[in-house]
Protein chains: 2
Amino acid sequence: VIIGGGLGGLFCAMTLRDAEVDVVVVDRANHYLYQALIYQVATAELDAGEVSMPIRERLGRQKNTYVVMAEVTCVDTELKQVRLSDDRALDYDFLVIATGLEVNYFGHDEWQPFAPTLKTLRDAVDLRERILSSFEHAEALRDPSCCPELTTFVLVGAGPTGVELAGALAEMVRDTLPREFKRFDPTTTRIILAEAGDRVLPSFSPEISAKVLAKLRKMGVEVRLNSPVDLIDAKGAVVAGERIASDNVIWTAGVRATPTGEAAGLEIDAMGRVVVGPDLTAPGHPDIYAIGDVAHIDREGGSLPAVAQVAVQTAKYVGHSIIDRVESKPAQPPFSYYDKGYLATVGRNYAVLETANGRVKLAGYLAKMIWAFIHLLYQMPNQDKTTMFVTWTWSYVTHRLGSRVIIGRKSRP
Amino acid sequence: VIIGGGLGGLFCAMTLRDAEVDVVVVDRANHYLYQALIYQVATAELDAGEVSMPIRERLGRQKNTYVVMAEVTCVDTELKQVRLSDDRALDYDFLVIATGLEVNYFGHDEWQPFAPTLKTLRDAVDLRERILSSFEHAEALRDPSCCPELTTFVLVGAGPTGVELAGALAEMVRDTLPREFKRFDPTTTRIILAEAGDRVLPSFSPEISAKVLAKLRKMGVEVRLNSPVDLIDAKGAVVAGERIASDNVIWTAGVRATPTGEAAGLEIDAMGRVVVGPDLTAPGHPDIYAIGDVAHIDREGGSLPAVAQVAVQTAKYVGHSIIDRVESKPAQPPFSYYDKGYLATVGRNYAVLETANGRVKLAGYLAKMIWAFIHLLYQMPNQDKTTMFVTWTWSYVTHRLGSRVIIGRKSRP
């Protein structure tokens, strides 16, 4: 039983395709979501269907695999059972926990209604409608300058999501929207990126962080470093002591592990991740694996980061490990992570790239091309790359946004 | 002031592009919706962004045109004012009512919660999630045959929407889904198309209706003619006296005019449409026009049908008529409709086509190619035809559905 149909769950099930095992993949959504591009759904560059794929489409034709859309209510490690929200129980010989991360308001869950986040497809679609509606409301005002909060964006957290969203928003208000509004001037939009730490993209080297900071500022983003958020409410946010009136506070900061591991009584770290040994099983539970973002995997000076490569590599390792055990072959050597480096993008023409050894550092247009190439060809296990390629090329050439439609609430009867 | 950003409102505003007038287009949605393809959103063939386009994208760059997303609360024909939901008032010299149709449960509004319809983009997206979720629930059951209501579809009304949706659903359960489900057999899905009248597609000739009926039956759709629906409730529907257990009753039957005309105190017909004279103004209100589906325009033996061509032709006529009046030119001759005929499609490879004079009648693959060509090139005033073309071609060749993702409800905090 694999809990979670993200990158890890998907790759693990695919590795087990030809093995003499029955695989069950459980996820509460019907789709796999390509997290790296989700910000493009929020900024109307891509449609929801272009960054996601039904799990069933990828795995449904695999003969030994059964896909269930259901919520896991509890894992009983004694009975070796996973219980589902519809009262069914799935017996397992091996359990793979691949449930990933969820958003974390750092003890301030009361901020959640005022600061939507960008984690699920629903989040992205809701955020898009919220952003577009703000501009529509500003245009409908007699005097748009009377309500600056409508078009003030406060992004909390300058990790990859915050940086990429800020870059995309800045281009949207500068390049795409101005020609289409009559009363409201989209270039007056304020985009504030508040970061508690002292640099943006802390997972990169300080050199790259400095370049990205300069690029964001050049694009008109107000980046505020060393600026923790003290409060978020219906009127906006208090950033490093200053109150900023904003209808659009967006939470791009913290994450924590989903509670599956904790609920199963497994050992977890401070982030809630399941602590696993070198063979990726939970100590004392040789039949329970954790992979990807939800796993705490030690490495020199800390643990492995929550990136796609870790999910893919751990998933394949665990898949092969299960095959070996079923076939009574000798155990594999301990998991070792091959770090290929990091990528992030800022707007249409700029990305940064850094290899793990720090030898290659690239910022600018070339890095952006590599970014697009990697995302398009390697990471998205979706056969429909053609549509996405056309959409990207089209919006790149025309500066148009493909999906700028507000679907809105329920229609009236 | 043009109320409504559908096909009529859009074409009317575009006709006025170079005129010495100020144009305001008001719509409660931010998008134009291409109604003819909306069933493809419900059956996951197209994504929401592919059948719709922000009104602002098409008209926002037009110098004399101001686009407002707002609800019209009332039209004051004395003061010549349109009042909006945000308490603003728009003064007009000429008013164009282009608000189209809305769904009509024929006095049974209590059926509405149990029988969603297919009119707005929200409807289409909700219906898609409902259909896909039914199949997921059936697959998650220990014994899918215990709950036939999950995968019994009752479509009420065999007009173009009912027929096209039934055809698309039949292909989905027969061709696309079977390979991906393990416990539930999608081919056991029942699709019942209930029609109170004695033939499908009553706007076509009886000859074409008979061909479409045969095609639908061959595809496995249970078409029931002379079968009015007596009741719809949480458990299903009663069709011609027979109770059918169904979780998926879909209302594809009646429409009536939106109430804008009635609220303004104008003369309306039994369907609620604004009765207009040969110059498309409301009698006694030379400054108020009605166009497209919301207008009652007499012709021999009845009134003009609610089709795209009428909307486009009346919109252009009214645009030119306003230009002539502003420029004090002599009035145009009365509006006359050039009827090009009808088109409808049943599944991937079959469409029917009939010219107005009845001389050309075509059914089959060639008609489908013409159908695709016309929709792609002529009717959708969207510059992004490339993406749609690629999506269509791709899903045609692969039998895959591009947008089979359930976005779902709000994520948990």
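**Briefing: strands, salt bridges and burial in a predicted model**

Strands β11(B) and β12 (residues 190–194) of chain B run parallel and are joined by five bridges. Helices (H or I, at least four residues) and strands (E, at least two) are DSSP runs, numbered from the N terminus. Two strands count as paired if DSSP finds at least two bridges between them.

This is a predicted model, in which local features need pLDDT of at least 70, side-chain atom pairs count only at pLDDT 80 or more, and totals for chains, interfaces and linings use all residues. Residues are numbered from 1 along each chain as its sequence is written, chains are lettered from A and ligands numbered from 1 in the order in which they are written, and side-chain values use heavy atoms, with hydrogens and water left out.

**The β11 strand of chain B**

- Strand β11 of chain B covers residues 152–156, and five of its five residues are buried. Buried means under 20% relative accessible area, exposed over 50%, and partly exposed in between (1.4 Å probe, protein chains only).
- Thr152(B), Val154(B) and Val156(B) point one way from the strand, while Phe153(B) and Leu155(B) point the other way.
- Thr152(B) has Arg190(B) as its bridge partner in β12(B).

**Chain A as a whole**

- Chain A holds 10 helices and 27 strands.
- The radius of gyration of chain A is 22 Å, close to the 22 Å that the globule rule gives for 413 residues, so the chain is as compact as a globular protein of that length. The radius is taken over C-alpha atoms, and the rule is 2.2 Å times the number of residues to the power 0.38.
- The C-alpha trace of chain A spans about 70 × 60 × 45 Å along its principal axes.
- Of the 413 residues of chain A, 60% count as buried.
- Chain A exposes about 16,600 Å², and carbon and sulfur atoms supply 54% of that area. Accessible areas come from the Shrake-Rupley method with a 1.4 Å probe; for residues, only the protein chains shown count as cover.
- Among contacts in chain A with a separation of 6 or more, 63% come from residues 24 or more positions apart. Contact means heavy atoms within 4.5 Å.

**A three-stranded sheet in chain A**

- Three strands of chain A form an open, antiparallel sheet in the order β14-β15-β16.
- Strands β14 (229–233) and β16 (242–245) of chain A stand at the edges with a single partner strand each, so one side of each has no neighbour in the sheet.
- Neighbouring strands of this sheet are turned by 15° against each other on average, direction ignored. Axes are lines fitted to C-alpha atoms, for helices over the stretch in contact, and angles run from 0 to 180 degrees between N-to-C directions.
- Strand β15 (residues 236–239) of chain A pairs with β16(A) over four bridges, in the antiparallel sense.
- Val239(A) stands opposite Glu242(A) in β16(A).

**Salt bridges**

- The whole structure has 34 salt bridges over all chains. A salt bridge is a side-chain nitrogen of Lys or Arg within 4 Å of a carboxyl oxygen of Asp or Glu.
- Asp233(A) forms one with Arg243(A), and their closest N and O atoms are 2.7 Å apart. This pair links strand β14 to strand β16 of chain A, 10 residues apart.
- Asp233(A) is partly exposed at 22% relative accessibility, and Arg243(A) is partly exposed at 41%.
- Arg224(A) forms a salt bridge with Glu222(A), with the closest N and O atoms 3.3 Å apart. Arg224(A) is buried at 18% relative accessible area, whereas Glu222(A) is partly exposed at 27%.
- Arg190(A), Glu222(A), Arg224(A) and Glu242(A) are linked in a salt-bridge network.
- In chain B, Glu207(B) and Lys361(B) meet in a salt bridge (3.2 Å, N to O). Glu207(B) lies in helix α6 (residues 206–218) and Lys361(B) in strand β27 (residues 361–364) of chain B, 154 residues apart.
- Glu207(B) is partly exposed at 44% relative accessible area, and Lys361(B) is partly exposed at 33%.

**Buried spots in chain A**

- Helix α1 (residues 7–15) of chain A has nine of its nine residues buried, so the helix is largely enclosed by the rest of the structure. Among them are Leu7(A), Phe11(A) and Met14(A).
- Trp111(A) sits in the loop between β10 (101–103) and α4 (121–140) of chain A. Trp111(A) is buried, with a relative accessible area of 4%.
- Leaving aside neighbours within four places in sequence, Trp111(A) is in contact with Tyr105(A), Val229(A), Asp230(A), Leu231(A), Ile232(A) and Trp251(A).
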